[in-house]
Amino acid sequence: MSLQKEELEYLSKKIGRQPNDTERHIVAAEWSEHCSYKSSKIHLKMLPNKGARVIHEKGYDSGVLDVGDGYVVTVHIESHNHPSAVEPYGGAATGVGGVIRDILSAGTRPIALLDGLRFGDISKDSHAKWLFKNAVTGIADYGNCLGIPTVGGEVEFDKCYSNYALVDVASVGFGKKERLIKNHANAGDVVVLMGGSTGRDGIGGAQFASDSLETEDRSAVQIPDPFIEKLIIEATLEARNQGLIKAIKDLGGGGLSCAISETADAMGVGIELDVTRVHTRESNMNPAEIMTSESQERMLVITDKKRLPKLQQICKKFRVSCSVIGKVTGNKVMKVTNNKTILASMPAEIVANAPLLNRPAKEPSYLKRLKNKKQPAPPKDLSKTILTLLSSPNIASKIWVYGQYDHEVGIRTVVKPGSDAAVLRLDNGKYLAVKIDGNPKHCYLDPKNGAMGCFEEACRNVVCTGATPIGMVDHLQFGNPENPEIFWTFLESLKGITEFCKHFEIPCVGGKVSLYNETPQGPIKPTPLIGVLGLIDKTLLKPQKIESGDALIIVGTTKNELGGSEYYEHIHDFIGGNAPKINLAESKKNMDSVLQVIRSGQVKAAHDCSKGGLAIAISELSITNNIGCAISLEKIPQEKLDYTKLLFSESHSRYLLVVDKSKLNSVLSILKKKNVASSHIGTFQGNEILFSDNKKPVAKLRVDKAHEKWFNSLRDLVLHA
Amino acid sequence: MKVGVVVFPGSNCDRDMYHVLQDVFKLDVKYFWHEDKLPKNLDAVVLPGGFSYGDRLRAGVIAAHSPVISDIKKMADKGLPVLGVCNGFQILVESELLPGVLLKNTSLNFMCQWTELIVKNNKTPFTSKFKLGQKIPIPIANGEGRYYIDKENLAKLKKNNQIVFQYGNNINDSVFDIAGICNKEGNVVGMMPHPERAVEPEINPKDCAPSNMIFQSLIATIGARK
């Protein structure tokens with residue numbers, strides 16, 4: 001948990017002397033991988049971050065997108081993996097808290113949360129189950145208390161996360177463009193620390209998160225207090241409304257060290273801070289502890305002397321502690337004092353900018369081996385296989401999870417959890433669709449296409465509500481970057497995401513890199529996660545009830561791509577084969593055509609085809625509408641495939657559309673004109689899901705039985721198994 | 001018609017309730033911070049949902065000692081309509097404006113789902129437009145929503161017609177399926193489900209007409225009083 005030898009030499013050279021102890025602690029926190037992005041920063045520049053809707057301001061921790069009529073949405077994504085792996089309740093809860101404060105820092109009100117949760121195999125691993133249950137409770141207790149609805153997310157279980165946890169949280173904010181905080185500061189301004197007291201929790205958290213997880217360092221995990229967070233949100237927004245905030249930053253990883261150096265650097269000013277003025281939880285904390293504590297629910301605010309009393313008054317109203325801890329200076333130096341004694345004095349620019357690394361990368365040797373592995377023999381009873389897949393915890397309904405989250409508060413949630421993407425109504429009459437997606441099984445076999453696939457899947461989900469993707473955030477989670485094979489998977493994923501961004505002209509408005517996600521058993525599978533925001537101007541597709549006689553249309557081609565499928569991994573415990581690839585031209589054509597059809601107002605429901613393949617996507621439509629479906633497999637656009645591939649391949653760029661039979665010809669003719677692979681493949685009817693090939697039955701399930709497996713499996717696994 | 005929405009530290013459905021009263025029902029609405037005095041000309045007051053004081057000790061128990069409670073009691077004594085929703089209901093119970101107590105759900109989890117209410121008393125200011133037995137699709141969202149009262153006092157509730165809403169199917173083991181009650185006089189009503197989340201068709205997946213009648217009843221009552 002200290003500076004590397006080369007870093008110490010670099011620092012000494014830059015400041016022209018040996019740094020003292022406090023300075024070393026401050027810089028070590030800020031130069032940790034977690035805060036400095038030293039392994040990834042030079043590569044992240046490839047991501048396109050500009051666009052007509054994108055608003056850039058210095059010092060923002062969240063992306064800002066203009067949604068018209070004077071309004072903006074903000075978005076950010078973060079993870080809290082290491083803390084959640086040792087203390088899942090507090091780790092997950094404080095993960096929620098951190099990302100919310102990033103949204104607040106832009107001057108917008110957080111209006112939604114999404115979370116991506118990943119654990120070991122809960123059907124066999126009781127520790128994974130403990131982590132899962134407590135992480136869900138942590139998120140519920142925190143988000144519910146704040147009154148920010150948790151509207152979506154995903155849950156996945158995979159052996160690669162044994163003894164570990166990935167807890168990703170994305171938050172969306174909304175506000176008036178004119179009320180965005182435009183960070184600026186002048187010499188003589190006052191620096192205020194607002195919120196919870198600074199304690200010994202979370203000390204060294206940033207460094208803890210910048211190494212593989214070998215010890216369970218619980219003291220590095222922060223303690224959640226959602227009540228204080230709620231008061232801070234209201235106090236900050238009230239101060240914003242009264243124009244009292246010149247600049248603001250959330251205290252997260254690296255604590256005060258990070259917040260002060262980064263704020264000073266971004267504003268091009270100096271900040272002088274007296275540690276004795278910081279309100280602490282314990283009386284005998286030493287300066288290094290105060291500077292690196294990651295106690296939660298704290299905001300750094302810069303205001304001027306004239307407006308300070310009003311800010312203090314607001315804090316008093318909400319009973320939020322607030323200390324004037326320092327002042328802004330003109331010399332670009334970050335100076336820390338203990339009363340009159342100078343403890344640290346270094347140029348902020350040096351503290352805030354770690355020396356960057358260009359790490360070596362090498363294609364992993366496992367890739368070829370897995371591709372050529374002998375593939376498992378197809379199952380005899382496909383009906384049974386579909387039922388088994390429906391009860392896989394990765395596919396089964398997540399109602400046990402989202403039923404614990406208040407997803408209605410704020411009264412914006414138009415399309416609720418359990419659908420493809422959540423949809424929120426905005427004050428300007430438009431709608432915002434949001435979704436996050438990851439797929440480590442695909443990414444392990446093909447990091448580039450896997451990452452593009454996650455991106456496309458998130459887009460497909462928002463498109464299924466009628467939304468146009470307007471921006472994305474990425475969260476890149478990998479093992480130890482010092483291993484060239486792991487770093488190669490990081491770079492490949494990043495290249496894939498970049499290509500997709502460029503082809504679709506979707507700007508990357510924010511993101512996060514989380515490295516060193518490994519335990520003594522090894523690294524996690526590459527887990528890039530993509531969050532996509534989609535905007536609906538007029539035609540929102542709110543799924544309608546499917547009725548007998550409705551037609552099922554598929555858009556997109558099913559390919560020989562079983563690699564990394566839920567079918568291979570859940571049914572055969574087999575890792576290998578061809579993972580699905582993205583053809584950008586085909587991807588865009590299919591997406592545009594589906595949007596056009598949805599906007600023509602002729603679609604009753606749209607569903608993307610992803611985990612578990614076509615068999616699962618169709619079953620889900622049937623189950624959630626309590627109606628059977630007769631499907632003619634021979635009509636599916638495909639590369640001559642056997643039944644297993646046809647049913648379970650997770651090829652991208654595929655959509656299912658449900659239309660009233662009177663609209664069938666009109667919809668098919670639009671799709672034909674667009675020249676996309678598409679076909680009328682089935683009819684909803686009766687109480688059986690029946691897959692047949694030229695009238696010969698291939699697989700058959702009763703809807704009620706399928707519903708029971710799909711609906712109850714995850715809950716039963718958590719509560720009873 | 002002037003309606004107050006009381007905001008406690010940690011209230012989080014105050015803005016939703018305000019929006020519904022002002023934008024959907026066009027009432028003259030004002031927020032009151034828990035340390036404010038309530039003006040004499042207020043026609044009704046609503047205690048919204050949320051997590052006042054972070055649900056510390058027990059949901060609603062700290063807010064029950066807020067300065068504003070004495071003014072709410074005065075309004076209740078005057079027979080003016082008082083509505084507590086979710087945490088607001090918990091506060092009304094903890095401040096003894098309503099009998100009984102709200103316990104942790106038997107699942108021990110927070111529960112957010114849609115359910116159905118049955119109107120059992122249509123004499124209150126919030127139910128006067130309903131027929132007895134009428135059903136209301138509505139969501140709940142709570143961790144401590146299980147209503148409990150002992151046998152003796154339950155008998156009194158029944159006798160005094162204080163049970164306002166029952167759950168159509170008992171989702172959380174509340175005594176006698178109770179979802180909402182009123183005081184003896186009927187002007188103070190507390191309910192766990194969230195009517196403000198059910199009145200707009202855009203966000204109500206079922207039927208928003210019945211939940212609208214809760215607010216229409218209020219408007220009819222305070223309109224008639226004038």
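Before we start: a helix axis here is a line fitted to C-alpha atoms over the stretch in contact. Keep in mind that this is a predicted model.

**Exercise 1.** Describe how helix H7 and helix H9 of chain A pack.

*Solution.* 
- Step 1: Find the helices. H7 covers residues 126-146 of chain A, and H9 covers residues 226-241 of chain A.
- Step 2: Pick what to report. Two packed helices are described by the angle and the distance between their axes.
- Step 3: Read off both values. The axes of H7(A) and H9(A) come within 9 Å and cross at roughly 35°. The crossing is right-handed.
- Step 4: See who meets whom. On the H7(A) side you'll find A:Asp141, A:Tyr142, A:Cys145 and A:Leu146, and they meet A:Pro226, A:Phe227, A:Glu229, A:Lys230 and A:Ile233 of H9(A).
- Step 5: Sort these residues. Six are nonpolar, three are charged and none is polar.

**Exercise 2.** Is A:Asp420 buried or exposed?

*Solution.* 
- Step 1: Locate A:Asp420. It sits in the loop between strands S13 (413-415) and S14 (422-425) of chain A.
- Step 2: Count its neighbours. There are 26 other C-beta atoms within 10 Å of A:Asp420.
- Step 3: Apply the cut-off. A residue is buried if that count is 20 or more, so A:Asp420 is buried.
- Step 4: Look at its contacts. Leaving out residues up to four places away in sequence, A:Asp420 touches A:Asn461, A:Cys464, A:Thr465, A:His607 and A:Asp608.

**Exercise 3.** Check the radius of gyration of chain B against that of a compact globule.

*Solution.* 
- Step 1: For 226 residues, a compact globule would have a radius near 17 Å.
- Step 2: Compare. Chain B has 16 Å, which agrees.

Key
Residues are numbered from 1 along each chain as its sequence is written. Chains are lettered from A and ligands numbered from 1 in the order in which they are written. This is a predicted model: local features need pLDDT of at least 70, side-chain atom pairs count only at pLDDT 80 or more; totals for chains, interfaces and linings use all residues. Axes are lines fitted to C-alpha atoms, for helices over the stretch in contact, and angles run from 0 to 180 degrees between N-to-C directions. Helices (H or I, at least four residues) and strands (E, at least two) are DSSP runs, numbered from the N terminus. A crossing is left-handed if the near helix is turned anticlockwise from the far one by less than a right angle, and right-handed if clockwise. Two residues are in contact if their C-beta atoms, placed from the backbone, lie within 7 Å. Ala, Val, Leu, Ile, Met, Phe, Trp, Tyr, Cys and Pro count as nonpolar, Asp, Glu, Lys and Arg as charged, and the others, Gly among them, as polar. The radius of gyration is taken over C-alpha atoms; the globule rule is 2.2 Å times the number of residues to the power 0.38. A residue is buried if 20 or more other C-beta atoms lie within 10 Å of its own, exposed if 12 or fewer, and partly exposed in between; C-beta atoms are placed from the backbone.
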